[in-house]
Amino acid sequence: MSGPVVIVGAPGSGKSTVGALLAARLGLTFRDVDAVIEAEVGKPVAEIFADDGEPVFRALEEATTLRLLAEDGVLSLGGGAVISPEIRAALKGREVVWLQVGPAQAAKRVGMTEARPLLLGNVRGRLIKLLAERTPLYAEVASQSVPTDDRSPEEVVRIIVDGL
Ligand code: S3P
């Protein structure tokens, strides 16, 4: 298949960690949409939210994601990428791995970092709401789903590889 293996899931689902491990395992290039945006804009995602607002970030996210979907490798999307109908349409028919995570485990992994502006204040509460809103969207685009709560990144990678 051409195009990347795409990793989707909520913040704290392990997209960046698992994506990098999976790419190494498959001998492919790893790209993370948030990291590419940060490198191209020259500031962290949290600062883009603070300085320019969420709509500016979402527009950048959509353009960058659509562009990177044309390149082979492993591509981790931002947790909110599936909100975009254009991105969801572009994911149809692709290898899309959904890393499933519950709110408690996601909150534990995310910690109290300020790097995730949408979670500030009440990390667990915001994750519960975000998961409720987005679970149908992740389910819509996924070709493979992997529960990650009680699994190490290495175990998750093994399951993904078996399912490819
Ligand atoms: C977001 C998730 C973040 C980042 C931005 C918005 C979201 O990525 O793209 O802060 O809407 O869930 P991670 O999923 O890597 O935390």
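## Two annotated residues

Let's start with Thr17: it has 19 C-beta neighbours inside 10 Å, so it counts as partly exposed, since being buried would take 20 or more. Thr17 sits in helix α1, which covers residues 15–26. Keep in mind that this is a predicted model.

Arg151 is also worth a look. With 17 C-beta neighbours inside 10 Å, Arg151 counts as partly exposed. You'll find Arg151 in the loop between β5 (144–147) and α8 (153–163).

## What the record says

An unreviewed UniProt entry lists Gly12, Ser13, Gly14, Lys15, Ser16, Thr17, Arg116 and Arg151 under "binding site". These residues are spread over 140 residues of sequence, and in space they reach up to 23.1 Å between C-alpha atoms.

## Around the ligand

Which residues are around the ligand? They are Pro11, Lys15, Asp34, Val45, Gly78, Gly79, Gly80, Arg116, Pro117 and Leu118. This shell splits into 4 nonpolar, 3 polar and 3 charged residues.

## The sheet

Now for the strands: 5 of them form an open sheet with parallel pairing, in the order β2-β3-β1-β4-β5. β2 (30–32) and β5 are at the edges with a single partner strand each, so one side of each has no neighbour in the sheet. On average, neighbouring strands are turned by 20 degrees against each other, ignoring direction.

β4 (residues 96–100) pairs with β5 in the parallel sense over 4 bridges, and Trp98 stands opposite Ser145 in β5. Helix α8 packs on the sheet, where it touches β4 and β5, and its direction makes about 160 degrees with that of β5.

Conventions
Residues are numbered from 1 along each chain as its sequence is written. This is a predicted model: local features need pLDDT of at least 70, side-chain atom pairs count only at pLDDT 80 or more; totals for chains, interfaces and linings use all residues. A residue is near a molecule or strand if its C-beta atom, placed from the backbone, lies within 6 Å of it. Ala, Val, Leu, Ile, Met, Phe, Trp, Tyr, Cys and Pro count as nonpolar, Asp, Glu, Lys and Arg as charged, and the others, Gly among them, as polar. UniProt positions are given in the numbering used here, feature names are shortened, and annotations may be inferred rather than shown by experiment. Helices (H or I, at least four residues) and strands (E, at least two) are DSSP runs, numbered from the N terminus. A residue is buried if 20 or more other C-beta atoms lie within 10 Å of its own, exposed if 12 or fewer, and partly exposed in between; C-beta atoms are placed from the backbone. Two strands pair if DSSP finds at least two bridges between them. Axes are lines fitted to C-alpha atoms, for helices over the stretch in contact, and angles run from 0 to 180 degrees between N-to-C directions. Two residues are in contact if their C-beta atoms, placed from the backbone, lie within 7 Å.
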